[in-house]
Amino acid sequence: EARPRNICVRFLSTQPAPLPANVRDYITKIESDTRDCNGLYMNVCLSYGSRDEIVRTCRSFARECQEGKLRETDITESTFSDRLLTRGVCDPDVLI
């Protein structure tokens, strides 16, 4: 239904491992089939935790700062956003 309606479907998951293999395969197929659609964007959070995503992002910044690859002043709303699962997608119009 999504492809004929020009809807790009993305599944956001911080912990995909608990999902059954057939579900992960279906997710991959839907994302692949609708990758080129650009009429609407639908993000589906499945096995997702926003706190987990924020912690992972913060840890990646901390690690790069410790390694000297990044300075504290390099961390901005934009660079933070670039590391989230929703990178490259505009902010949602509706959240259910």
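Biologist: Which residues are exposed on the other side of H2?

Modeller: This is a predicted model, in which local features need pLDDT of at least 70, side-chain atom pairs count only at pLDDT 80 or more, and totals for chains, interfaces and linings use all residues. Residues are numbered from 1 along each chain as its sequence is written, and side-chain values use heavy atoms, with hydrogens and water left out. In H2, Glu-53, Thr-57, Ser-60 and Phe-61 are buried (under 20% relative accessible area, with exposed over 50% and partly exposed in between, for a 1.4 Å probe and protein chains only). On the other side of H2, the exposed residues are Arg-51, Arg-59 and Gln-66.

Biologist: Against which helix do the buried residues of H2 pack?

Modeller: Helices (H or I, at least four residues) and strands (E, at least two) are DSSP runs, numbered from the N terminus. Helix H2 covers residues 50-66. Its buried residues pack, by contact (heavy atoms within 4.5 Å), against helix H3 (77-81).

Biologist: Within what arc do the buried residues of H1 fall?

Modeller: The buried residues of H1 are Ile-27, Ile-30 and Thr-34. The arc is that of the directions from the helix axis to the C-beta atoms. Seen down the axis of H1, these residues line one face of the helix, because they fall within an arc of 70°.

Biologist: Which strand is included in what covers the buried residues of H1?

Modeller: Helix H1 spans residues 21-34. On its other side, Asn-22, Asp-25 and Thr-28 are exposed. The cover over the buried residues of H1 includes strand E1 (7-12).

Technical notes
Expected span 1.5 Å × (residues − 1).
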